[in-house]
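Open the model in your viewer and keep the selection panel at hand. The stops below are meant to be taken in order.

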Amino acid sequence: MKFEDYLLLETPLIVDLANDSELLARKFKTLKNKKTLKEELFDNYKILYYPSSFKNNLEIILFNKNDLNSPLLYISQYIETILNKKLVKNAYINKSKTLNSNEIQNILFHLFEKYDGMISDDTQSKGGKDLWKTLLEKSEQKNYKIGVYNNISNKISFKDKDISFKLWYSLKSREVYSEDNVTSTCYQMIILK
């Protein structure tokens, strides 16, 4: 038998992070047969919480409360304790096209209400970076503390109130987000109540 006689097929999954509705549908398909830990209503949404096989992790699916067959948002959420603060880390998010960024921000603020704050993941997509910029700016408007956490020194550098958000973010985002400087993975954006 010659090599030409073999049929070799491989179909790699190409993920478009700007439209990850297909991944959202796959997550829902995996979770819908699991038992939920809890359910809650928030605005026009129903939020279902599922257990995860990872420690300190929950999987969360959000629906329009009138349509439980079409998920709008999936979040893989970790709870970390840093400097005696319980912080939410949304490590992985898939969203429907119909959910706008303002709604996602409101949902994320709701999901961290019972915790001390929120911390970014140590790797970010472009969409995640944009989301965090808006979350930080809105957090400052809500009088939350915002800053950069150094996970090597275990210290937080908070934004000074006398510096404009635009200037602070411009300077700090260079530390946190880099494609060629691996030390950027030592820094994470943080929001504290």
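Start by selecting N102, which is found in helix α2, residues 101-111. Helices here are DSSP runs of H or I with at least four residues, strands are DSSP runs of E with at least two, and both are numbered from the N terminus. Before going further, note that this is a predicted model, in which local features need pLDDT of at least 70, side-chain atom pairs count only at pLDDT 80 or more, and totals for chains, interfaces and linings use all residues. Residues are numbered from 1 along each chain as its sequence is written, and side-chain values use heavy atoms, with hydrogens and water left out.

N102 is partly exposed, because its relative accessible area is 39% (buried is under 20%, exposed over 50%, partly exposed in between, with a 1.4 Å probe and protein chains only). Next pick L131, which is 29 residues from N102 along the chain, with 9.3 Å between the two C-alpha atoms.

**The two helices**

Now show α2 together with helix α3, residues 126-141. Their axes are 11 Å apart and the helices pack at an angle of about 60°. Axes are lines fitted to C-alpha atoms, for helices over the stretch in contact, and angles run from 0 to 180 degrees between N-to-C directions. To see who takes part in the contact (heavy atoms within 4.5 Å), select N102, I104, Q105, L108 and F109 of α2, then L131, T134, L135, K138 and S139 of α3.

Move to S120, in the loop between β6 (117-119) and α3. Is S120 buried or exposed? S120 is buried, since its relative accessible area is 0%. A polar atom of its side chain lies 2.8 Å from the backbone nitrogen of M189. Not counting residues up to four places away in sequence, S120 touches K89, W132, Q188 and M189.

Finish with D121, which lies in the loop between β6 and α3. D121 is buried, with a relative accessible area of 15%. Leaving aside neighbours within four places in sequence, D121 is in contact with K89, A91 and Q188.

Key. Polar contact = N/O pair within 3.5 Å; in protein donor to acceptor, adjacent residues only side chain to side chain.
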